[in-house]
Amino acid sequence: MDVKEVEVDFGTQEHVKKLKKKGKKQKPKKGKKPHKENGETNEEAEKAKTDEKPPEMHFPPTFSVSEIKNKQRRHFMFLKFKQEKRKEKLALKKKRKKERQALGDKAPPKEVPKTIENQRVYDETTVDPQDEEIVFDEGTDEFSAYFNRLTNPKILITTSDRPRGRTVRFCEQLATVIPDSHVYYRRGLALKRVIPQCIARGFTYLMVINEDRKISNGLILSHLPDGPTAHFKVSSVRLRKEMKRKGKEPTEHVPEVILNNFTTRLGHSIGRMFASLFPHDPNFVGRQVATFHNQRDYIFFRYHRYIFKNEKRVGIQELGPRFTLKLRSLQKGTFDSKFGVYEWVHKRHEMDSCRRKFHL
């Protein structure tokens with residue numbers, strides 16, 4: 001090693017030691033208090049420290065469960081997140097309930113939640129039952145004979161050509177729901193040949209269940225002898241065997257009929273069509289109810305049996321089957337695929353542009 005290098009090394013070490021000595025702070029001796037400016041005491045100094053604002057903390061960006069790569073861990077965290085949200089919602093609900101009970105009569109009215117139904121775009125064809133024009137139309141339309149008790153409903157239920165077992169069972173269960181209905185197989189006959197035979201035998205309705213790939217997907221309901229004819233899309237079909245907690249099979253009593261939310265002129269016509277499927281006078285002894293509930297232009301069918309437990313409580317039991325209908329077209333007269341005149345046709349791209357506009 002060179003002499004020059006050794007001298008440089010020693011020189012740098014001594015220089016570093018001097019800098020360290022200069023940088024050291026002298027500690028106050030024991031028993032002596034540190035000097036305070038302007039006569040400041042220890043308490044005031046501590047108070048000044050507490051009054052100082054803490055440094056701002058920068059939190060990480062919001063965490064998303066979808067960022068977790070492990071599928072099981074992601075699913076667990078999602079369930080935990082949903083559970084916490086549910087607890088918060090329940091606690092807030094209990095708090096509001098206690099506040100309302102404490103206020104009593106002075107409590108403010110409950111807020112109505114915003115839904116697509118109550119934010120619905122107003123339809124000019126909304127029906128007022130007391131309107132003279134509506135009363136006149138009801139007295140002269142195709143269903144007036146039924147509502148004036150001049151005819152009794154008699155329904156023919158059939159299927160498309162070569163039906164599968166599930167569609168046949170669906171037709172048989174519909175026959176147990178609708179009184180005085182008869183199931184016949186098509187045997188390759190065209191509907192234009194079936195309709196005159198139905199009229200000759202005194203049927204008031206022709207109901208055709210269509211299927212595609214062993215699944216029921218369409219329903220044609222034609223009022224005889226003068227129409228109209230409605231075509232529905234069928235979905236969510238559940239037979240009695242596929243339902244949980246179902247009751248015993250329905251009895252032969254005539255059920256009551258409930259029609260909900262058919263408010264427009266078109267909806268009013270469809271509601272009257274469903275009502276005229278069932279006889280006039282229901283048997284209340286059977287305690288059976290057929291419900292057609294319209295919601296966002298989807299018609300939900302349910303069949304229940306009810307029982308009064310006491311003066312305030314009622315128990316219901318679903319009997320089945322259940323299904324959902326969506327109106328595709330309404331045609332004047334009986335079924336005619338070539339030369340039929342349509343009163344209303346659902347055009348998806350034009351009519352479904354606004355989610356808050358409904359037609360029934």
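The legends below describe close-up views of a predicted model.

Residues are numbered from 1 along each chain as its sequence is written, and side-chain values use heavy atoms, with hydrogens and water left out. Because the model is predicted, local features need pLDDT of at least 70 and side-chain atom pairs count only at pLDDT 80 or more, while totals for chains, interfaces and linings use all residues.

**View 1. A positive surface patch that includes Lys-97.** The patch is formed by Lys-82, Arg-86, Lys-89, Lys-93, Lys-97, Arg-100 and Lys-110; patch residues have over 30% relative accessible area and no salt bridge, and like charges are joined within 9 Å. Lys-97 lies in helix 3, residues 71-103 (helices are DSSP runs of H or I with at least four residues, numbered from the N terminus). With 54% relative accessibility, Lys-97 counts as exposed (exposed means over 50% relative accessible area, buried under 20%, partly exposed in between, with a 1.4 Å probe and protein chains only).

**View 2. The mostly covered helix 8.** Eight of the 11 residues in helix 8, which spans residues 265-275, are buried. The buried residues are Leu-266, Gly-267, Ile-270, Gly-271, Arg-272, Met-273, Phe-274 and Ala-275.

**View 3. The aromatic pair of Tyr-306 and Phe-308.** The structure holds nine aromatic pairs (ring centres within 6.5 Å; planes under 30 degrees apart are stacked, over 60 edge-to-face and the rest tilted, with the six-membered ring used for Trp). Tyr-306 and Phe-308 pair edge-to-face, at 5.6 Å centre to centre and 75° between the planes. Tyr-306 counts as buried at 13% relative accessibility, whereas Phe-308, at 59%, counts as exposed.

**View 4. An aromatic cluster of Phe residues.** Phe-170, Phe-232, Phe-262, Phe-274, Phe-278, Phe-292, Phe-301 and Phe-323 form one cluster; among them, Phe-274 is also one of the buried residues of helix 8.

Key. Patch = residues over 30% accessible without salt bridge, like charges linked within 9 Å, V, L, I, M, F, W, Y side chains within 5 Å. Areas by Shrake-Rupley, 256 points an atom, 1.4 Å probe, with all protein chains shown as cover. Salt bridge = Lys/Arg side-chain N within 4 Å of Asp/Glu carboxyl O. Lys, Arg positive; Asp, Glu negative; His and termini not counted. Charge placed at Lys NZ, Arg CZ, Asp CG, Glu CD. Helix = DSSP H or I, 4+ residues; strand = E, 2+ residues; numbered from the N terminus.
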